[in-house]
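Keep the structure open and look for each piece as we reach it.

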Amino acid sequence: TAEDSTVQGNGSDSAGLFSLMVQVDQFREFKTEVEGALQNKDSIQSLPSMQQFSEATYFIETGHNDYLRVPFEKLNLDPSVTITATMSAIETTIKDLYYLGARNIILMNLTPLGCTPSILSNQYIKSEWDECGCKVSYNNIVNMHNKQLEVLLETLQAQLPLSKLIVFDANSIMLDGYCNPSKYGIKYPHRACCGAGGKYNFMRSIECGRSGYVNGKLVVAKRCKDPSLHLIWDSIHPVESFCRHIADGFLSGRYFKPEFNLTDSCKSRNSMS
C-alpha cells in the first residue's frame, strides 16, 4: 500500500499492510545495520556491499490496496483525492531511495481492478460494464493513476539525473487476460478460484480460507478444482499459472517504459560481485 493509515501506525488499522514510508524506514535501518556490520567485518561474505546497494535494481509494486480499502467502500467517492495522496507517497519513496543510493527503480502500474471479483461484487461501485466484462468507472480510475504515474516518473527522472525510473506495465498483461481469456486457457476470468460462492465467487465477509454464516448456513471459502481455469485466486491476486505470464513479461522487458534491459543489468551486476 502506498498512502494508508499505516503511515501513522504499525499496520494494525489496515489488515497488516505496511505503507511505503514504513518500508523505506525499514530499508534504511537495514542498510545502516549492514554498513555497520561491514565496518566491523561481521559476516562480510553474506552481506551486500554498499556498491551493490547502488547497483541493485529495485522493484516496487504498490497502490492497489489504496484503491480497494476504506476510501472506496462508500458512495460519492472522489478518486482524485486518493490518486493525489498515492502519487505523493510514491514520489517521497523514490526520492528517499535515491538519496539512500538506489539508482535503478522499477515501479509496477495498477492492474485493471475493475475486472476483479472484489470490485465486480462491490455494491458501492456503480458502473457500466465494458466488452471485457469489467466496470468502466473503476478502470477509468486505474487509468488515471497509471497516466499520472508515468508523468511523475518523467518529472523525477529529470530531477534525479543518475536514476533510471521504469514503469512495468502489468496492466496490459492482466487486461489481455480478462479480454482474451481463451488465449491463456482461462475459462472463468472474473470468477475467483477460492471463495464462498456468488456470481464472482467472492464475499468480502468470507474471504478465501475463512468461514462464516450466510442465511443461517455455515459457508466455507474453498479453492476451486483447477486454478489454471481462473485468472484470479481470491479477490484481486492472480493465480500461479497466470503469474507466470506476468513474470515472463517482466523478465523479457517487453512491458517496460522506457526500455530497460533487465537481463544485461543483472549480468553486469553479477560480474562485479
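Predicted model: local features only at pLDDT ≥ 70, side-chain atom pairs only at ≥ 80, totals over all residues.

Helices and strands here are DSSP runs, numbered from the N terminus.

## A histidine in a loop

Start with His230, which sits in the loop between β5 (217-220) and α7 (240-252). Is His230 buried or exposed? Its relative accessible area is 6%, and the cut-off for buried is under 20%, so His230 counts as buried.

Who are its neighbours? Leaving out residues up to four places away in sequence, His230 touches Ile186, Tyr188, Arg191, Ala192, Cys193, Cys224 and Val239.

## Two helices side by side

Now find helix α3 (residues 79-99) and helix α5 (residues 136-159). They pack at an angle of about 30°, and their axes are 10 Å apart. That angle makes α3 roughly parallel to α5. The crossing of α3 past α5 is right-handed.

Which residues do the touching? On the α3 side there are Pro79, Ile83, Thr86, Met87, Ile90, Glu91, Ile94 and Lys95. They meet Ile141, Met144, His145, Gln148, Leu149, Leu152, Leu153, Leu156 and Gln159 in α5. Sort the residues of this contact by class and you get 11 nonpolar, four polar and two charged.

## An enclosed helix

Next up is helix α6 (residues 170-179). Seven of its 10 residues are buried, so α6 is largely enclosed by the rest of the structure. The buried ones are Ala170, Asn171, Ile173, Met174, Asp176, Gly177 and Tyr178. What covers them? The cover includes β2 (104-108), α5, β3 (164-168) and α7.

Let's zoom in on α7 as a partner. The axes of α6 and α7 come within 10 Å and cross at roughly 145°, and α6 passes α7 in a right-handed crossing. From α6, Ile173, Met174 and Gly177 take part, and they meet Phe242, His245, Ile246 and Gly249 in α7. By class, this contact of α6 with α7 has four nonpolar residues, three polar ones and no charged ones.

## Rings that pair up

Time for some aromatic rings. A pair of them is described by the distance of the centres and the angle of the planes. How many aromatic pairs does the model have? Counting rings whose centres lie within 6.5 Å, there are 10. Take Phe27 and Phe53: their ring centres are 5.9 Å apart and their planes stand at 65°, so this pair is edge-to-face. The pair links distant parts of the chain, with Phe27 in helix α1 (residues 20-39) and Phe53 in helix α2 (residues 50-55), 26 residues apart. Phe27 is buried, at 18% relative accessible area, and Phe53 is buried too, at 5%.

Another edge-to-face pair is Tyr98 with Tyr99, whose ring centres are 5.6 Å apart and whose planes are at 75°. Are these two buried or exposed? Tyr98 is buried, with a relative accessible area of 9%, whereas Tyr99 is exposed at 63%. To finish, look for the cluster that ring pairs make out of Phe59, Phe168, Phe250, Phe256 and Phe260.

Conventions:
Residues numbered from 1 in each chain as written. Heavy atoms only, no water. Axes fitted to C-alpha atoms, helices over the stretch in contact; angles between N-to-C directions. Helix = DSSP H or I, 4+ residues; strand = E, 2+ residues; numbered from the N terminus. Parallel < 35°, antiparallel > 145°, perpendicular 65-115°, else oblique. Left-handed = near helix turned anticlockwise from the far one by under 90°. Contact = heavy atoms within 4.5 Å. Nonpolar A, V, L, I, M, F, W, Y, C, P; charged D, E, K, R; others polar. Buried < 20%, exposed > 50% of the residue type's maximum accessible area, 1.4 Å probe, protein only. Phe/Tyr/Trp six-rings, centres within 6.5 Å; stacked < 30°, edge-to-face > 60°.
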